[in-house]
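Hello,

Here is the structure I promised to hand over. Please open it first, then read my notes below.

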Amino acid sequence: MTALMQHSAAEPSASRVARLVRRTGSSLALVVFAMVIPLLPGVDSATGDGVRVLLLMTAALALTPASDLASSSVRSALERSLFAKSTN
């Protein structure tokens, strides 16, 4: 193992940063929108709070290494529970 590692090049820090941005960029955008959307005119507090929770949970799911099937089923359950409460 040591002989293999001697001849391997270190990963450049630029690619680490690019990979980190790709991994967290969508979650950061969702968090920003979660904070901004409830403040928009015409959005009532119940809808704004529901959208905020949905976007924050989606951002958290985007950061987890779950499979697409698992995250889509969690998202659909979250959407059903949030929007069922807001329509009643």
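**What I found**

Of the 88 residues in the protein, 17% are buried. Here buried means under 20% relative accessible area, exposed means over 50%, and partly exposed lies in between (1.4 Å probe, protein chains only).

A word on the source. This is a predicted model, in which local features need pLDDT of at least 70 and side-chain atom pairs count only at pLDDT 80 or more, while totals for chains, interfaces and linings use all residues. Residues are numbered from 1 along each chain as its sequence is written, and side-chain values use heavy atoms, with hydrogens and water left out.

The protein averages 77. At least 70 is reached by 80% of the residues.

**Overall layout**

The protein has four helices and zero strands. Along the sequence the pattern reads α-α-α-α. Helices (H or I, at least four residues) and strands (E, at least two) are DSSP runs, numbered from the N terminus. Among the elements, α2 has the highest mean pLDDT, at 84. Helix α4 (residues 68-87) has the lowest, at 68.

**Helix α3**

Helix α3 covers residues 45-63, which makes 19 residues. From its first C-alpha to its last it reaches 27 Å, close to the 27 Å expected at 1.5 Å a residue. That expected span is 1.5 Å times one less than the number of residues.

Which residues of α3 are buried? They are G48, G50, V51, L54, L55, T58, A59 and L61. Seen down the axis of α3, these buried residues fall within an arc of 165°, so they line one face of the helix. The arc is that of the directions from the helix axis to the C-beta atoms.

Take L54 in helix α3. L54 counts as buried because its relative accessible area is 13%.

**The nonpolar patch**

V31, V32, M35, V36, L40 and L56 make a nonpolar surface patch of about 440 Å². Patches are made of residues with over 30% relative accessible area and no salt bridge; like charges are joined within 9 Å, nonpolar side chains (Val, Leu, Ile, Met, Phe, Trp, Tyr) within 5 Å. A salt bridge is a side-chain nitrogen of Lys or Arg within 4 Å of a carboxyl oxygen of Asp or Glu. Areas come from the Shrake-Rupley method with a 1.4 Å probe; for residues, only the protein chains shown count as cover.

Helix α2 (residues 13-36) gives the most to the patch, with four residues. M35 sits in this helix. M35 is partly exposed, at 39% relative accessible area.

**The loop**

I37 is in the loop between α2 and α3. I37 is partly exposed, at 25% relative accessibility.

Best wishes

Methods. pLDDT is the predictor's confidence in each residue, from 0 to 100.
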